[in-house]
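Please consult the sequence and the structure, then work through each solution in order.

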2 protein chains.
Amino acid sequence: MTGFAFDIFATDGKARRGRVTTAHGTFETPGFMATATGATVKAMTADAVRATGAELAICNTYHLMLRPTAERVAALGGLHKFMDWPGPIVTDSGGFQVMSLSKLRKISEKGVTFRSHIDGAAYELTPERSMKIQNLLDSDITMAFDECTPHPATHDEAAQSMRMSMRWAERCVAAFERRPGYALFGINQGSTYPDLRHESAEKLNALPLDGYGIGGLAVGEGQEIMFATLNETVPALKPEKPRYLMGVGKPDDIVGAVMRGVDMFDCVMPTRSGRTGQAFTRRGTVNIRNARHLDDPRPLDETCGCVACTRHSRAYLHHLFRAEEMLGPMLLTAHNVQYYQDLMGGLRRAIEDKRLEDFAATFAADQARGDIDAL
Amino acid sequence: MTGFAFDIFATDGKARRGRVTTAHGTFETPGFMATATGATVKAMTADAVRATGAELAICNTYHLMLRPTAERVAALGGLHKFMDWPGPIVTDSGGFQVMSLSKLRKISEKGVTFRSHIDGAAYELTPERSMKIQNLLDSDITMAFDECTPHPATHDEAAQSMRMSMRWAERCVAAFERRPGYALFGINQGSTYPDLRHESAEKLNALPLDGYGIGGLAVGEGQEIMFATLNETVPALKPEKPRYLMGVGKPDDIVGAVMRGVDMFDCVMPTRSGRTGQAFTRRGTVNIRNARHLDDPRPLDETCGCVACTRHSRAYLHHLFRAEEMLGPMLLTAHNVQYYQDLMGGLRRAIEDKRLEDFAATFAADQARGDIDAL
């Protein structure tokens, strides 16, 4: 088995075109993960996800530790087999979800105790336990257990939170079981304060980590501040390791972050929006529930190769949502996942050809045009 | 364009092995339709439905007249294009659903007035209007508009209801627009009374119809009475035309009905059961929500070639249902549709080989064994 590797073979400005090698194969960067929180990309079969070009899936420690449990997944042969995803898998550490979903949580230096949002049962999650769970799940890329600093936070709050996360990162490094092809990523924190982001980066750079998450963004600070924070943070991280902007984002967030040197992304937006009838297209977002689509025989996006766009009209998609048919969320999810993968493919080719600025300008102009005129 | 045709090329006892030719291609009989009530097989893409071997889809006049409306489907190019189903389509006439779903309905000799179960809007459905709607939908096989006689019904009630349906059938024949490859089926009624079923058959045989639905069964009378009624009804219908037992049924209902000379079936059972976690297998039904599957690495049915059985464990399917993930209903629906198609394929081959009795005995023995032992 080859070791974990990150090869950068082209750059354009700060953007990098690379390939990550893991124990379960490779993925191209910049890349967008398939969000498989509970060991399934919601409303898609694994085959359908693969057909969009997605190479990397992300599952969630918090959700899977509660149900079906990490021990059970391990006994069943690990996540790859469980969810029919032989390719690379990232697992989030559970830190973010334990804060946003669980009940009666108490944070201490040791870790977090909480009650499950499903049945109220008591759990403890520590850096060591998170490493163990991600190991049991057989995750290729384990994320350090951290506290996602809430927004807004004072400088003092952000510093205390970040420093605890950095102490936890050291414990994650100690607890992580090294295996060829398996990686541990630290997570940069520090809210929107450049000095704290720098301090966090220095601490992570001093640890034997394989890549870096950038956490605590896309939590309400707005795109301008997020980009400003990336401008400070990304150059402070070791350049030879992959950078993963966690939980981001909208298509224009991704384009801007790639131009600032981010390599990896995940976000629930394509799948969650797909379930509620919002489609991402080359010409901005489309709410397929809108009555303007009632009689429209045209595809959602004539440039898209997904099943929703090549086989069906907007009128049909509208009908499915109006009639609350499951196929509506299924088709729109497939479309959105395809859109995001196509966007990443476009970004990758643009970096290879050193025309990323042109690509971004065309992208922005297309988005600004808005949806095709109603019939 | 070739005309509508039914070719019988093998028989075994009363069972027939045939092929129906329509304006949109052929389907093999005995055959089970894909239930696409609202212009979608719930929880499956059209490609996934086709992959199971299903050749014929059934849509519903009542549902589609309310939403998105037949006129809209016609303007969009008809049902085949709308729902990405280039193959043959049957449409139910709306008679059954108007009785079971609509509000404030009033039945008269002219037809039925009712209020939509969706928004309370007032509608009228008559034999003539039902023919028109099914024409607008571009259905290959139009079903006559009838009253599905409630069960139980006195002889008098059943006679009156059946005779009105037969008068309506004459009006359907008059209103149906003949086109090459398009068929009109009459519907035999008469509740569980042999004399009424015979009277209905004689009236239908006298009309220029392309096939026969057998209606008013699987409405609570039980399998024994249903089979007894088929024993009376099927031989009374013109043998050279296809016979379609409407809304049936469980796997053993289908095997018994094929042995009694039925050629076509539709039922919501495989799709509806799939959404609630009930799987049909060679060894009977399995409730995947049962805790016995929590740690079971084995497939639902090792003999099945569907995506649920070839890619996933019972433990994974159980997890999806427990976590209320959409992929659970999607995979179990795909499995159940595959199971029904495989059952029909087995029945067709058995008739060709004149070993239908053996097939039915093995089928019954396998079903009686029940599910594989828990681990």
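The domain assignment of chain A, automatic or taken from a database, gives domain 1 (5-267) and domain 2 (276-369). The model is predicted: local features need pLDDT of at least 70, side-chain atom pairs count only at pLDDT 80 or more, and totals for chains, interfaces and linings use all residues. Residues are numbered from 1 along each chain as its sequence is written, and chains are lettered from A and ligands numbered from 1 in the order in which they are written.

**Exercise 1.** Describe how domain 1 of chain A meets domain 2 of chain A.

*Solution.* 
- The C-alpha centres of the two domains lie 27 Å apart.
- Contact (C-beta atoms, placed from the backbone, within 7 Å) joins 25 residues of domain 1 to 21 residues of domain 2.
- On the domain 1 side, α10(A) provides the largest share, six residues; helices are DSSP runs of H or I with at least four residues, strands runs of E with at least two, numbered from the N terminus.

**Exercise 2.** Determine which helix of chain B gives the most to the side that touches chain A.

*Solution.* 
- The contact takes 32 residues from chain B and 32 residues from chain A.
- α13(B) gives the most to the chain B side, with five residues.

**Exercise 3.** State how covered α13(B) is, and identify what its buried residues pack against.

*Solution.* 
- A residue is buried if 20 or more other C-beta atoms, placed from the backbone, lie within 10 Å of its own, exposed if 12 or fewer, and partly exposed in between.
- Eight of the nine residues of α13(B) are buried, among them B:Y316 and B:F321.
- These buried residues pack against α4 (79-82) of chain A, together with α12 and α14 of chain B.

Terms used: Two residues are in contact if their C-beta atoms, placed from the backbone, lie within 7 Å.
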